[in-house]
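Q: Could we go through this model together? I would like to start with the pockets and then turn to the helices.
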Amino acid sequence: MTKYIMLQGTSSHVGKSILTTALCRIFFQDGINIAPFKAQNMALNSYVTEDGREMGRAQIAQAEAAGLKPSVEMNPVLLKPTGNASSQVILMGRPIGNMSAKQYHQGYSLKAFETVKQALNSLQNKFEMLAIEGAGSPAEVNLKANDIVNMRIAKYLNAPVLLIADIDRGGALASLVGTLELLDDDERDLVKGLVINKFRGDIKLLAPAIDFLEKKTAKPVLGVIPYLENLGIDDEDSVSLDDKITTNNNAPLKIAVIRTPKISNFTDFAALAQEKDVFLYYAAKPEQLGKPDLIILPGSKNTTEDLLHLRACGIEKKLQKAHADKIPLIGICGGYQMLGQKICDPYHTESSHNTITAFSFLPMITTFARKKITSQVTAQSLDWHFLDEQHDFSSLHGYEIHMGLTEFTAKTAHPFVIKKHNGKKVDKIDGAISSDNLIMGSYIHGIFDNDEYRRTLLNMLRRRKGLSPLPLQQNYAAQKQAAFNRLAQTVRNALDMEKLKQIINKD
């Protein structure tokens with residue numbers, strides 16, 4: 001019989017995702033066949049599974065922590081915000097259309113719950129334990145009637161719940177007590193323990209607060225988790241960028257990532273940020289751009305609206321000035337599309353604009369289609385001569401998530417050729433390089449996770465600054481595994497694991 005532990009929070013961004021990841025790794029280390037689950041995820045940070053389906057990035061990290069290949073059953077419903085109060089709804093890894101918040105919450109969510117139950121049934125047949133993540137707060141009374149990710153799941157499975165609060169933001173005690181007060185009696189009964197997350201300082205000073213909580217709520221405090229900086233584990237969504245701790249400010253290479261309102265898949269740059277000779281930072285305003293050694297234009301869930309935002313706020317002019325100053329620029333996915341001449345949206349898949357003029361750095365036009373391309377890819381270099389250096393790469397791994405079809409209006413160099421698409425052999429060009437070799441774009445997410453490719457690019461930037469190249473500095477995949485282990489050990493030390501196991505195993 002499958003066992004469960006569910007993690008819910010007093011609000012969003014209290015650490016549910018990362019603590020679920022920790023439990024996945026802890027029980028995996030203990031030899032338990034555990035899988036993560038989140039019924040419904042709202043995030044712009046997504047990933048593509050081996051069978052070409054899309055799911056939330058947080059469940060990808062949790063699956064990796066559990067020693068598993070991700071599958072969409074772990075995140076059957078994914079909502080990707082497209083504009084004001086609307087989202088693309090992705091069911092079992094496939095988009096079914098865009099819906100307003102009202103349409104989804106008042107009309108569709110309970111229908112989606114049938115799919116959620118099917119996904120749960122599939123996981124129950126395969127795994128000994130599920131570590132289940134909630135979303136937001138279970139006490140959001142305006143959403144509760146149609147909620148399918150918090151207490152509806154807990155009650156459906158009769159799953160024990162840990163309620164988590166973030167003490168770093170303040171008001172943790174009040175938020176724990178208040179959340180419990182707003183729950184129905186049967187929901188409150190399912191909460192078996194409290195967890196205080198992101199604590200800084202001397203834990204002895206917190207003892208009176210813990211005593212108060214346990215007396216006030218009649219719930220045990222299972223642990224106080226310390227604030228963990230620079231975890232090295234993929235974040236769920238761009239709100240986490242506000243909390244990024246930059247400790248590499250004096251690194252010789254400066255890389256600026258343009259932060260747009262609908263930035264997606266910013267985890268593309270996590271491996272770059274962990275290089276010791278790189279200071280990677282996000283620029284949301286023109287004055288934040290500075291004079292980097294490389295500018296990256298990232299993916300976007302709403303390419304046209306983000307492009308117009310960059311034009312209105314003055315970043316487009318900054319990019320033009322940077323190009324004149326010979327600062328290299330790389331665009332990924334939506335950022336790649338912005339580098340072309342035009343973006344056409346005849347079916348209004350992203351916005352009400354039929355056609356908008358793009359930045360015109362590359363000779364190409366992108367037209368949004370009805371069908372979304374989601375695939376894992378293996379690629380190799382084709383005509384890769386960025387920054388006047390020619391390099392050859394083989395077996396580069398990444399993934400595609402886009403709805404745009406790009407056509408070229410003049411002869412141009414293509415840096416990559418995709419050789420495998422969801423495991424099937426293909427021969428498809430990808431990307432473009434400008435005639436001056438200063439600008440490059442590609443649809444391939446995760447390209448910088450390839451160690452040799454990343455170090456080669458960084459060494460090119462070093463040579464431009466008169467610095468000697470460095471040998472390979474890191475194995476990104478191994479570093480992620482080490483990060484999972486570090487997280488697991490920290491949480492093991494902070495939680496009452498014996499009490500947690502009793503809660504999980506109690507019938």
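Q: How much space lies in the second largest pocket?
A: The model is a predicted one. In it, the second largest pocket holds about 750 Å³ of space.

Q: Which residues are closest to the centre of that pocket?
A: Y47, E64, Q376, H397 and G398 are the closest to the centre, out of 29 residues that line the second largest pocket.

Q: And which elements give two or more residues to the lining?
A: They are helices α2 (57-65) and α13 (476-494), together with strands β21 (364-381) and β22 (396-408).

Q: Which of them has the largest share?
A: The largest share comes from α13, which supplies four residues to the lining of the second largest pocket.

Q: How do the lining residues divide into nonpolar, polar and charged?
A: The lining of the second largest pocket has 13 polar residues, 10 charged ones and six nonpolar ones.

Q: Staying with α13, at what angle does it cross α2?
A: The axes of α2 and α13 cross at roughly 80° and come within 10 Å. An angle from 65 to 115 degrees counts as roughly perpendicular, so α2 is roughly perpendicular to α13.

Q: Which residues make that contact?
A: From α2, A61, E64 and A65 take part, and they meet K480, Q481 and F484 of α13. By class, the contact of α2 with α13 has three nonpolar residues, two charged and one polar.

Q: What about α1 and α13, at what angle do they pack?
A: Helix α1, residues 16-29, packs with α13 at an angle of about 95°, and the two axes are 8 Å apart. That angle makes α1 roughly perpendicular to α13.

Q: Which residues of each helix are involved there?
A: On α1 they are I18, L19, T21, A22, R25, I26 and Q29. On α13 they are Q481, F484, N485, L487, A488, V491 and R492. The contact of α1 with α13 comprises eight nonpolar, four polar and two charged residues. Q481 and F484 of α13 take part in this contact, and they also belong to the contact with α2.

Q: A change of topic: do β7 and β8 run parallel or antiparallel?
A: Strands β7 (residues 86-91) and β8 (residues 94-100) run antiparallel, and six bridges join them. S87, for example, has M99 of β8 as its bridge partner.

Q: How many residues lie between the two strands?
A: There are two residues between β7 and β8, which form a hairpin. In the turn, M92 has a positive phi of about 50°.

Key. Residues numbered from 1 in each chain as written. Predicted model: local features only at pLDDT ≥ 70, side-chain atom pairs only at ≥ 80, totals over all residues. Heavy atoms only, no water. 1 Å grid on protein atoms, 1.4 Å probe; cavity = no way out; pocket = protein on both sides within 12 Å on 5 of 7 lines; lining within 4 Å. Points joined across faces, edges and corners; volume = space filled by probe spheres on them. Nonpolar A, V, L, I, M, F, W, Y, C, P; charged D, E, K, R; others polar. Axes fitted to C-alpha atoms, helices over the stretch in contact; angles between N-to-C directions. Parallel < 35°, antiparallel > 145°, perpendicular 65-115°, else oblique. Contact = heavy atoms within 4.5 Å. Pairing = 2+ DSSP bridges.
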